[in-house]
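This report describes one protein model with its ligand. The sequence and the structure are shown first, and the description follows.

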Amino acid sequence: MPSIRAPANKRTTTLTVAVKCRPLTERERGRDIVRVNDNKQVIILDSDISKDYIDRVQNRTREKIYCFDHAFGPHCTNLDVYKSSISSMISGVVQGLNATIFAYGSTGSGKTHTMVGTQEDPGLMVLSLHTIFDLIKKCKSSDEFEVSCSYLEVYNEVIYDLLEKSSGHLEL
Ligand SMILES: Nc1ncnc2c1ncn2[C@@H]1O[C@H](COP(=O)(O)OP(=O)(O)OP(=O)(O)O)[C@@H](O)[C@H]1O
C-alpha cells in the first residue's frame, strides 16, 4: 500500500486559526467596536465612555489587540476566507490526507453563514466540495475515490447530525 505524504510543495502546519468578523446586525448598530488590521489582527476598541478621569487625561485605553493566522473583516466573502486559509489543504485531502475545518463561535456569530453560506456567497463546505469533485474529475490516475460527508454540530457538549435533524443527539 503506498504511503501518503503531504504534497512536497505544501506548507505543513498542524493548526491554523482564522477569525471572521461578520457585519453588525441592525440590533447591534452602535456597538461597532471591532476592527481588523493587516489581515491578521483583531482590535477590540475601548467602548468604555465612562472610564475614570485619570484614564482619560492620561489617554489610557483598554483597547485589546488579538493576533491570528488570518483575520477577515465584515466585507470579506466566504470565498476570500476559502482562498487564503483553506483551499491549499484540499489537494492534500484528495491525495488521502486528513484535514478538519471547524467553525467555533457563540450563537449568532456567523458559523452557519461561513460553513454553508448563501447562493451569492457560498460557504466553505460548498466551496470545498466543488474543489474536491473538480480535482477528482481532473485526476489522471486509476485511483478510485469514495467521498462521504457528514455535517455535525456540537452544542453544549452534545453532538447533532444536521443532515438528519430527526436523529436526536449522537453518541461519541
Ligand atoms: N458574513 C456575513 N454576511 C452577512 N450576514 C451574515 C454574515 N455572517 C453571518 N450573517 C448573518 O448573521 C446571522 C447569524 O449568523 P448564523 O446563523 O450563521 O450564526 P450561527 O453562528 O450559525 O448561529 P447559531 O449557533 O445560533 O446557529 C444570520 O442572520 C446571518 O445571515
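In what follows, Ala, Val, Leu, Ile, Met, Phe, Trp, Tyr, Cys and Pro count as nonpolar, Asp, Glu, Lys and Arg as charged, and the others, Gly among them, as polar. By this scheme, the shell around the ligand consists of 1 nonpolar, 7 polar and 2 charged residues. Its members are Arg22, Pro23, Gly105, Thr107, Gly108, Ser109, Gly110, Lys111, Thr112 and His113; a residue is near a molecule if its C-beta atom, placed from the backbone, lies within 6 Å of it.

This is a predicted model, in which local features need pLDDT of at least 70 and side-chain atom pairs count only at pLDDT 80 or more, while totals for chains, interfaces and linings use all residues. Residues are numbered from 1 along each chain as its sequence is written. The protein has a mean pLDDT (the predictor's confidence in each residue, from 0 to 100) of 86, and 83% of its residues reach 70 or more. The model has an ipTM of 0.96 and a pTM of 0.84.

The unreviewed UniProt entry carries a "binding site" annotation that covers Gly105, Ser106, Thr107, Gly108, Ser109, Gly110, Lys111 and Thr112. UniProt positions are given in the numbering used here, feature names are shortened, and annotations may be inferred rather than shown by experiment. Of these residues, Ser106 lies in the loop between helix 3 (87-94) and helix 4 (111-115), whereas Thr112 belongs to helix 4. Helices (H or I, at least four residues) and strands (E, at least two) are DSSP runs, numbered from the N terminus.

The table gives the exposure of selected residues. A residue is buried if 20 or more other C-beta atoms lie within 10 Å of its own, exposed if 12 or fewer, and partly exposed in between, with C-beta atoms placed from the backbone.

| Residue | Other C-beta atoms within 10 Å | Class |
|---|---|---|
| Thr112 | 13 C-beta atoms | partly exposed |
| Asn39 | 15 C-beta atoms | partly exposed |

Asn39 is not a glycine, yet has a positive phi of about 60°; it lies in the loop between strand 2 (34-37) and strand 3 (41-44). Glu157, also not a glycine, has a positive phi of about 65° and is placed in the loop between strand 6 (152-155) and strand 7 (158-161).

An open sheet is formed by 3 strands in the order 2-3-4, with antiparallel pairing; two strands pair if DSSP finds at least two bridges between them. Strand 2 and strand 4 (64-67) are at the edges, each with a single partner strand, so one side of each has no neighbour in the sheet. Strand 2 and strand 3 pair over 4 bridges, and Val34 has Ile44 in strand 3 as its bridge partner.
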